[in-house]
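Reader: I would like a close look at one part of this model, with the rest as context. Keep it short-sentenced, and give the cut-offs as they come up.

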Amino acid sequence: MWLRAVLGAILTAMGVGQLASWPAMPDILDTYEIAPAAALPWLAAVLILAELAGGLWLLSRPRSCALTPVWIYTGVAVTWAGLAAQAFARGLTVDNCGCFGSFLTQGLGWFVLLQDALLLLYAGLLLRATRKVRARSAAAEATH
């Protein structure tokens with residue numbers, strides 16, 4: 001439960017920071033050189049909506065065993081980790097990773113990659129824990 005609440009708070013903070021930085025988000029994403037400029041506002045919008053929806057869901061229902069917010073969190077974590085990993089591997093200079101929009105800026109480096117790896121680890125833990133709870137619940141219903 002506590003992991004869902006903490007990750008929900010982080011995801012919500014990311015979405016709020018990016019939403020407050022809306023005019024800058026396409027430019028931030030452009031530094032990753034992954035899509036044409038016309039697609040970047042759409043990518044930013046999808047990321048922000050996913051972060052807010054998943055984060056608020058995890059925060060408001062931390063005891064829920066629903067997989068949807070966990071998959072949303074996992075998708076966001078994979079997206080940011082993928083952006084960082086490919087930019088790092090290509091040697092791109094990214095002065096602001098963009099995770100919190102124009103707030104709490106960090107340049108792309110090993111520390112950001114480590115943070116992204118932790119987000120992926122937490123996604124795995126969330127998926128595992130949610131599946132265990134769902135399996136136990138199904139087994140309990142089957143015995144009644």
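Author: A disulfide here is a pair of cysteine sulfur atoms within 2.5 Å. By that rule the count is 0. Cys99 is in no disulfide. The nearest cysteine sulfur to that of Cys99 belongs to Cys97, 3.5 Å away. Burial is judged on relative accessible area: under 20% is buried, over 50% is exposed, and in between is partly exposed (1.4 Å probe, protein chains only). Cys99 counts as buried because its relative accessibility is 11%. Cys65 has 29%, so Cys65 counts as partly exposed.

Some ground rules. This is a predicted model: local features need pLDDT of at least 70, side-chain atom pairs count only at pLDDT 80 or more, and totals for chains, interfaces and linings use all residues. Residues are numbered from 1 along each chain as its sequence is written, and side-chain values use heavy atoms, with hydrogens and water left out.

The protein has 5 helices and 0 strands. Both kinds of element are DSSP runs numbered from the N terminus: helices are H or I with at least four residues, strands are E with at least two. Along the sequence the pattern reads α-α-α-α-α. The C-alpha atoms fill a box of roughly 60 × 30 × 25 Å along the principal axes. Of the 144 residues, 40% count as buried. Contact means heavy atoms within 4.5 Å. Take the contacts between residues at least 6 apart in sequence: 75% of them join residues at least 24 apart.

The part to look at closely is helix α1. Helix α1 covers residues 2–20, which is 19 residues. From first C-alpha to last, α1 reaches 27 Å, close to the expected 27 Å. The expected span is 1.5 Å times one less than the number of residues.

The buried residues of α1 are Leu3, Arg4, Leu7, Gly8, Leu11, Thr12, Met14, Gly15, Gly17 and Gln18. An α-helix has 3.6 residues a turn, so residues three or four places apart point the same way. The cover over the buried residues of α1 includes α2, α3, α4 and α5.

Start with α3. Two packed helices are described by the angle between their axes and the distance between the axes. Axes are lines fitted to C-alpha atoms, for helices over the stretch in contact, and angles run from 0 to 180 degrees between N-to-C directions. The axes of α1 and α3 come within 7 Å and cross at roughly 150°. Angles under 35 degrees count as roughly parallel, over 145 as roughly antiparallel, 65 to 115 as roughly perpendicular, and the rest as oblique. α1 and α3 are therefore roughly antiparallel to each other. Their crossing is left-handed. That label applies when the near helix is turned anticlockwise from the far one by less than a right angle; clockwise gives right-handed.

Who meets whom? On the α1 side the residues include Arg4, Gly8, Leu11, Thr12, Met14, Gly15 and Gln18. On the α3 side, the partners include Leu47, Ile48, Glu51, Gly54, Gly55 and Leu58.

Follow α3 onward to α4. Their axes come within 9 Å and cross at roughly 140°. α3 and α4 are therefore oblique to each other. This crossing is left-handed too. From α3 the contact uses Leu47, Ala50, Glu51, Gly54, Trp57 and Leu58. From α4 come Thr68, Pro69, Ile72, Tyr73, Val76, Thr79 and Trp80. Leu47, Glu51, Gly54 and Leu58 of α3 also meet α1.

Next, α5. α5 has 34 residues and reaches 50 Å between its end C-alpha atoms, close to the 50 Å expected. Its buried residues are Val112, Leu113, Asp116, Leu119, Ala123, Leu126, Leu127 and Thr130. These pack against α1 and α4.

Finally, places away from α1. Ala89 is in α4. Ala89 is exposed because its relative accessibility is 67%. Glu33 is in the loop between α2 (25–30) and α3 (40–60). Its phi is near 50°, a positive value in a residue other than glycine. At 48% relative accessibility, Glu33 is partly exposed. Leu104, in the loop between α4 (68–89) and α5 (110–143), also has a phi near 50°. Leu104 is exposed, at 62%.
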